[in-house]
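The text below goes through them in turn.

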Amino acid sequence: MGPEGKTLLNIIILGFGFMFMFTAFQTCGNIEQTVIKSFNSTEFHGSGYTSMAIIYGVFSASNLIAPSVVAVIGPQLSMFFSGLVYSGYIAMFIHPYTWSFYTASVVVGIAAAILWTAQGNLLTINSTDATIGRNSGIFWALLQFSLFFGNMYIYFAWHGHVHISDKDRQTVFISLTVISLVGSFLFFLIQKPEPEATPSEASESLLQTESTESAPIIVATPGLGSQALDAFKKALQLSVTKEMLLLSISIAYTGLELTFYSGVYGTCIGAMTQFGNDAKSLIGLSGIFIGLGEILGGGVFGMLNKCNRFGRNPVVLLGLITHFVAFYLIFLNIASDAPIAPEEGTHLQAYITPSVEVALLCSFLLGLGDSCFNTQLLSIVGFMFREDSAPAFAVFKFVQSITAALAFFYSNYLLLHWQLLIMVVVGFLGTLSFFVAEWVVVSSRRDTDYDNI
C-alpha cells in the first residue's frame, strides 16, 4: 500500500474508532438527563445538565495542557487512554452514586481535551492541502454514524416505556461500555504515515525543525519537558492570532448547538406528554435523525470535497439557514418549559399542535447544519495551522467546550425560547466572522504560499 493509501486508511480507522466510542458516549449524553430523572432518589441527587457542564468546563481548561500531553506520549496513546476514561464514565451509570457521577465528569473532561487534540493532530499529519477537506468529511461522517446506531438501540429498547427501570438502565449502559472499549482498541491499528516527497523535497524537509511529517505517532521524542512547554506556549500564541480570533465566534456557536442537539433537545422531546407513551423512545429516534443529518452533511461537503471548488462560505451559510429553520419550527412545536420539566413531563403546548413529524424533521436539520459548520471548521483550522495542528485544535476545543459548558449550565434554568434566541444571535455573528476568516485565507493564498499562513 502506497503512502496515500496508508494515510487514507488511517483516517478511516480513526473515524471508526471515534464512531464506536461516541456511539456509546453521545447516546449516553442524549439519554442521561432522562435516565437520571427516573432513578433520582434519596441516595442519588444529580443533574445530567450539571454533569455535562462540568465535563465541558474541565474540558475547556484542560485544553491548555492537552498539547503537552500529546507531544509527550503521542496522539495514538493519548486517544487510547482517553478512550478508557470515557468507558469508565459510561460504566458509572450501571450503579450510579452522586460522588462517582461528578468525579467521573471531572476526569472525562480532562480526557476529552487530550482525545480531541490528538484527533486533530492525527487528522492533519495524515492529510495534505489537497486532502484535508476530504479527510475531514470522511472522519465527520464516520463519527456521526455513532448517533445512528446508539439511538436506534435506544428507540427499540425503550419503545412504549413511560418509566426507565433499573434493569433497562443497566442493560443499556453495560452494552454502551463494551462498545466504547472496542473503539479505544481500534486506535492501535493506526500506522505512522510515510511522507510523499521528491528527493529535493526530502532534503528540504531535513531543514524543517517543525515538519508535520516528523510529528510523534507512538514513540515520544527526546527533550520531552521542552517539547511539552513549547506546545503549551504555542497554544497560547495561536489563541490570540487574527485567524483564530475570527474563527472563535463560529467555534463558540458549535459549542452552544452541540449542547442543544446532544442533550437538551432529546430531553425536550421526552418531556412532551402530547407525544404519548412513545415520548421516551422518541429520544432515540430523534438521535437517529440527527445522525442522518450529520452523515449526509459530512458526505456531501466533505467526502465529495465540494468546499475546494466553491469555497467554505456557502456551506457555512447553508448550515446557518438550516439551523434557523430548525429553531423556528422547534419554537412553534415544543413547549417552552420542556428543557426543565419534571419526569412526568410538561402539559403545556407551544404555538401549534405538537407534531412528532415536525420534531424529527428538526432533529435532521440540527444534524445537517451542525455538519456544515464542523466540517468546514475542521478543514480551515487544519489548513491554516498545519505545522501547529495539536495546539491549534486544542484552542479550537477550548473555545467550543467552554461555551458548551456554559450552555449546559444555563439549560438547568432557561426556558426553551431563551436558549433558541442565544443560539440565533451567536450563530449569526459566528457566520459573519467565518466569512472574514475565509477571506483572509483566500487573500493569503493569492499573495503567498499557504504554508506561510
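The buried residues of α4 are Pro75, Gln76, Ser78, Met79, Phe80, Ser82, Gly83, Tyr86, Ser87, Tyr89 and Ile90, where buried means under 20% relative accessible area with a 1.4 Å probe on protein chains only. Helices here are DSSP runs of H or I of at least four residues, numbered from the N terminus. This is a predicted model, in which local features need pLDDT of at least 70, side-chain atom pairs count only at pLDDT 80 or more, and totals for chains, interfaces and linings use all residues. Residues are numbered from 1 along each chain as its sequence is written, and side-chain values use heavy atoms, with hydrogens and water left out.

Helix α4 covers residues 75–91, and its 17 residues should span 24 Å at 1.5 Å a residue, which agrees with the 24 Å between its end C-alpha atoms. The expected span is 1.5 Å times one less than the number of residues. The cover over the buried residues of α4 includes α1 (3–39), α2 (48–62), α3 (66–73), α5 (98–125) and α7 (166–186).

Take α7 from that list. Its axis lies 9 Å from that of α4, at an angle of about 180 degrees; axes are lines fitted to C-alpha atoms, for helices over the stretch in contact, and angles run from 0 to 180 degrees between N-to-C directions. α4 is therefore roughly antiparallel to α7, the term for angles over 145 degrees. In contact (heavy atoms within 4.5 Å), Phe80, Gly83, Leu84, Tyr86, Ser87, Ile90 and Ala91 of α4 meet Phe173, Leu176, Thr177, Ser180, Leu181, Ser184 and Phe185 of α7. By class, that contact has 9 nonpolar, 5 polar and no charged residues. Ala, Val, Leu, Ile, Met, Phe, Trp, Tyr, Cys and Pro count as nonpolar, Asp, Glu, Lys and Arg as charged, and the others, Gly among them, as polar.

How do α2 and α5 cross, and at what angle? Their axes come within 7 Å and cross at roughly 40 degrees. The contact has 12 nonpolar, 6 polar and no charged residues.

Trp116 of α5 also takes part in the contact with α15, along with Thr117, Gly120, Asn121 and Thr124, which meet Ser389, Ala390, Phe393, Ala394 and Lys397.

Note on methods
Helices (H or I, at least four residues) and strands (E, at least two) are DSSP runs, numbered from the N terminus. Buried means under 20% relative accessible area, exposed over 50%, partly exposed in between (1.4 Å probe, protein chains only). Angles under 35 degrees count as roughly parallel, over 145 as roughly antiparallel, 65 to 115 as roughly perpendicular and the rest as oblique.
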